[in-house]
Every structure is written in structure tokens, then in C-alpha cells.
Amino acid sequence: MIVIQNVGPGSPVRIRRRWVKRTLWGVLFGLMVLIYGSHAPLISLTKVDGAVPFNPSSCVVMIELSKLLISLATLVSTGGTSALHAVPPLVRVAPYAVPAMLYALNNNLVVLMQAYMDPSSYQVLSNLKIASTALLYSLCLGKRLRPSQWLAVGLLVGAGVCHSYSSLDLGDPEKADAEEGPRLHITAWGLFLVLVYCCVSGLAAVYTERVLKSQKLPLSLQNLYLYVFGVAISSFSFAAGEKGFLEGYSGVVWVIIAGQAANGLLMSVVLKHGSGITRLFVISCSMLVNALLSWAILGLQLTPLFLLPISMIGLAAFMYYR
């Protein structure tokens, strides 16, 4: 009789592999939170006289182009170029155009909503995209969540609202009346646009996850299809204006482009091999990183209320993954 040792579920080899996998996912999660959370503070560092010196549309094009080139380089380095020798079937490629169009729609909605509400109201209400993503994740992908997991999602929404509210500069109402400054306001049309924005955001994430998991293709090839459409649509929507394509670019802008490109590629790994719910935890944790970096770099004053969303996110993670 041949006896094979150390291959059972509790063998050292399996335990080591399990810990290596968890460590890699932890590093991946940490990088995404850091990149996601540093985005707004880095943009603030680029401002000159309170205005962004570069064309935001060109920055989006450069991010999509960077992701496309990295995906192509990865495909070549892994020996997957055989898939590029023939024109792929339209049925295979067409689904990748949908996420690009949804994200482009959301980018325009963000701009449009500012005319119907103040930025602070948008900041608070946009946290509803966490709930909409979880709901669509359950309905479209057939992933049933336990009651404790739904409660965890609710805690994430609450943490986002608390964090946004703690950063609002409500000021003195009498002083605001005297100075005729901007007030918190939102119209019915603005509320409708927020709901559409949150639904489109959730749909884009859920649809992308469904496409990546339904097609048995290398992730680098799927990213190539995805970002070809991303470059095409972002280039089509590029508004030249008075600024040139690379005008106003600094070292910080290139760091933003590199970070957002890396974050997009890392997110595709999560959606392909993990769960879209992980993306919600990334968004929630990044709010805290955003606040800490804004405190350290921009001198933002944190309030005691900042500790509440930290506790809520920690409790949500415990309830969801236990």
C-alpha cells in the first residue's frame, strides 16, 4: 500500500497555500484602498489658484490608454497573443462595450447633478450606490445574502453617510444668511438623478463581474477588450476646450494616472476571481484613507464623529465575512 503524507485538508502544504492566498488578497485589498482613497487628495495637490490646471477629459483618456497598454503587455508576456491572430467574434467582444458606456454615462451624470444640488448633498447621497450595488448583485447574479450580510451592507451605507456628514461645513446659519453663501439644497430632479447615478454605478459593476466570470478567457485578454472600448468612448467624449491634451500635467498628475490605471486592473482581478461586494468594502475603507491623507497633507481637521464610521465599517466586515 502506498501512503501519501501531508495532502489532507489540514496538511502543512494546504495550510501554507491558504495563508499565502489570504495574504495576497490582503495586499491587493490594501493597495486598492490606498489608491482609491488617495485620489481626491492628490487632485487637490495639483490645483493652481483653486483650479485644476489640466483637462480632466484628457486624464481619463490617459488612464484608459494606460490600462489598455498594460493589458496588452501582460497578454504578450504570458504567451496569449494567439488570440489576436484572428478577428474575435462580435458576440464575444460586444458585451465589453456596455461597461464603458455605463461608466461614461455616470461621468456625465456627476457633472449634470451639480446643477440640481450642492456638492455636499451629492457627497452624502452618492453613498446610496453601495446599497444599489448590493441589491443588483443579489438580483442579477443570483447571490443570496444572509440577513446579517444585508445588515452589514446597511452599516456600510450608514458609515458613508456619517463620514460625509462629518466633513460637511454647515457653518453658522446666521452668518450664511449675512454673506449669502451657498446652502445645502437638492431639487426633485436632482434626487431622481442621484438615484439613476447609483443604479447605473451598481449595474456597471455587476455587469462587468458577470461578463468577466461568464467567459472562460484570460483576464488580460478580457481587459484588452474592455479597455479598447474604454479608450474609444473616452476619446469620443474628450473635450479639448482651451487646454491642450497634456497641458498642465505635472508629476502628481502622472501619479494619479498610474494609480487609477493600477486600481482599474486590480479591480478586474477582484471581479474575476472574487466578489463585487469586496468593491463596496474598498469604497468604504477608502473614505477613511481619504480623510487621513487630507488631514496629513491638506490640514483637514478631523472631528470625533470620524471614529463612528471606522467602527461601523469594522463591524460590517465582521458581520459579512464571519
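Trainee: Is W189 buried, exposed or in between, and what is its relative accessible area?

Mentor: W189 is partly exposed, with a relative accessible area of 43%. Keep in mind throughout that this is a predicted model. F192 is also listed as partly exposed, and its relative accessible area is 43%.

Trainee: How are W189 and F192 placed along helix 9?

Mentor: The general idea comes first. An α-helix has 3.6 residues a turn, so residues three or four places apart point the same way. In this structure, W189 and F192 are three residues apart in helix 9 (residues 188-214), which means that about one helical turn separates them.

Trainee: How many aromatic pairs does a search of the whole structure find?

Mentor: The search finds seven. One of them is the pair of W189 and F192, which is stacked, at 5.2 Å centre to centre and 25° between the planes.

Trainee: What kind of pair do the rings of Y320 and Y321 form, and why?

Mentor: The angle between the planes decides the class, and over 60 degrees counts as edge-to-face. The planes of Y320 and Y321 stand at 70°, with ring centres 4.9 Å apart, so this pair is edge-to-face. Y320 is buried, at a relative accessible area of 8%, whereas Y321 is partly exposed at 48%.

Trainee: Which residues do ring pairs link into a cluster?

Mentor: F54, Y249 and W254 are linked in this way. A ring can also have a charged side chain over its face: R22 lies over the face of W19, 5.5 Å from the ring centre.

Trainee: What is the secondary structure of the chain?

Mentor: The chain has 13 helices and zero strands. Read from the N terminus, every element is therefore written α, as in α-α-α-α-α-α-α-α-α-α-α-α-α. Of the 322 residues, 42% count as buried. For contacts between residues at least 6 apart in sequence, 87% join residues at least 24 apart.

Trainee: Which residues have the most contacts inside the largest nonpolar core?

Mentor: As a general point, nonpolar side chains in soluble globular proteins tend to be buried together. Here the largest nonpolar core has 49 residues, and M32, Y96, L156 and I277 have the most contacts inside it. Helix 12 gives the most to this core, with eight residues. Beyond its neighbours within four places in sequence, M32 is in contact with N263, L266, M267, V270 and V282.

Trainee: Why does the length of helix 12 agree with what its residues should span?

Mentor: A helix is expected to span 1.5 Å times one less than its number of residues. Helix 12 (residues 276-298) has 23 residues and should span 33 Å; the C-alpha atoms at its ends are 32 Å apart, so the two agree.

Trainee: What is found at the start of helix 12, and what just after it?

Mentor: At the start, a side-chain oxygen of S275 comes to within 3.1 Å of the backbone nitrogen of I277. Just after the helix, G299 has a positive phi of about 80°.

Trainee: Is T278 buried or exposed?

Mentor: T278, which is in helix 12, counts as buried at 18% relative accessibility, because the limit is under 20%. Leaving out neighbours within four places in sequence, the contacts of T278 are F29, V270 and Y321.

Trainee: Where is L102, and how far apart in space are L102 and S201?

Mentor: L102 is in helix 4 (residues 97-113) and is buried, with a relative accessible area of 14%. Sequence separation and distance in space are read as two separate values: L102 and S201 are 99 residues apart in sequence, while their C-alpha atoms are 7.6 Å apart. Not counting residues up to four places away, L102 touches V200, L203 and A204.

Trainee: Where does F238 lie, and which residues does it touch?

Mentor: F238 lies in the loop between helix 10 (219-236) and helix 11, and it is partly exposed at 24% relative accessibility. With residues up to four places away left out, F238 touches N55, S57, S58, V61 and F245. The C-alpha atoms of F238 and N55 are separated by 9.0 Å, although these residues are 183 apart along the chain.

Note on methods:
Residues are numbered from 1 along each chain as its sequence is written. Side-chain values use heavy atoms; hydrogens and water are left out. Helices (H or I, at least four residues) and strands (E, at least two) are DSSP runs, numbered from the N terminus. Buried means under 20% relative accessible area, exposed over 50%, partly exposed in between (1.4 Å probe, protein chains only). Contact means heavy atoms within 4.5 Å. A polar contact is a pair of N or O atoms within 3.5 Å; within protein, one must be able to donate a hydrogen and the other to accept it, and residues adjacent in sequence count only if both atoms are side-chain atoms. Rings of Phe, Tyr and Trp (its six-membered ring) pair if their centres lie within 6.5 Å; planes under 30 degrees apart count as stacked, over 60 as edge-to-face and the rest as tilted. A charge sits over a ring if NZ of Lys or CZ of Arg is within 6 Å of the ring centre and within 35 degrees of the ring normal. A nonpolar core is a set of buried Ala, Val, Leu, Ile, Met, Phe, Trp, Tyr and Cys residues joined through side-chain atoms within 4.5 Å.
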